[in-house]
Amino acid sequence: MIRITAIVFSVIGKLNVLLQSIPQAVLGGIMLLLFGTIASVGIQSMIRNKVNFEETRNLVISSIMLTIGVGGAVLRGGDFVLSGVGLSATTGILLNLILSKEKTNAKI
């Protein structure tokens, strides 16, 4: 449904002009609310699935993912560019694979 709506907006010129007439400050506010809501839903999903944030591993992974996603980090390599949600998700997957899942009982 969203794709159909986007196609209709792009084809019908008057709707396109109407959307372009929205001030940048209003669009910025909408984007701020949108991305904040997406982050909140993600955190709510983790809590609902009982992710233990008292484990340092889980806290580190979620913190780095949020920082990369919100901070606007970009990974470039030739013609390849990865940023935003894609970079954040890729980083989370890699950290999940790299960081140890087992607790070690270190004896001092």
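Which helix gives the largest share of the nonpolar patch? In this predicted model, the patch covers about 600 Å² of the surface. Its members are Ile4, Ile7, Val8, Phe9, Val11, Ile12 and Leu19. Helix H1, which spans residues 2-11, supplies the largest share, with five residues. Ile7 is one of the patch residues and is found in helix H1.

The largest pocket of the model has a volume of about 640 Å³. A total of 22 residues line this pocket, and those closest to its centre are Ala39, Gly42, Met65, Leu66 and Ser88. Among the contributing elements, H4 gives the most, with eight residues. By residue class, the lining of the largest pocket consists of 13 nonpolar residues, eight polar residues and one charged residue.

A further local feature concerns the backbone at Lys50. This residue lies in the loop between H3 and H4. Most residues other than glycine have a negative phi. Lys50 is not a glycine, yet its phi is positive, at about 60°. The relative accessibility of Lys50 is 71%, and Lys50 therefore counts as exposed, the cut-off for this class being over 50% relative accessible area.

Key: Residues are numbered from 1 along each chain as its sequence is written. This is a predicted model: local features need pLDDT of at least 70, side-chain atom pairs count only at pLDDT 80 or more; totals for chains, interfaces and linings use all residues. Side-chain values use heavy atoms; hydrogens and water are left out. On a 1 Å grid over the protein atoms alone, a cavity is a set of points where a 1.4 Å probe fits but cannot get out, and a pocket is an open set with protein on both sides within 12 Å along at least five of seven lines; lining residues have an atom within 4 Å of a point. Grid points are joined across faces, edges and corners, and a volume is the space filled by probe spheres set on the points. Helices (H or I, at least four residues) and strands (E, at least two) are DSSP runs, numbered from the N terminus. Ala, Val, Leu, Ile, Met, Phe, Trp, Tyr, Cys and Pro count as nonpolar, Asp, Glu, Lys and Arg as charged, and the others, Gly among them, as polar. Patches are made of residues with over 30% relative accessible area and no salt bridge: like charges are joined within 9 Å, nonpolar side chains (Val, Leu, Ile, Met, Phe, Trp, Tyr) within 5 Å. Accessible areas come from the Shrake-Rupley method with a 1.4 Å probe; for residues, only the protein chains shown count as cover. A salt bridge is a side-chain nitrogen of Lys or Arg within 4 Å of a carboxyl oxygen of Asp or Glu. Buried means under 20% relative accessible area, exposed over 50%, partly exposed in between (1.4 Å probe, protein chains only).
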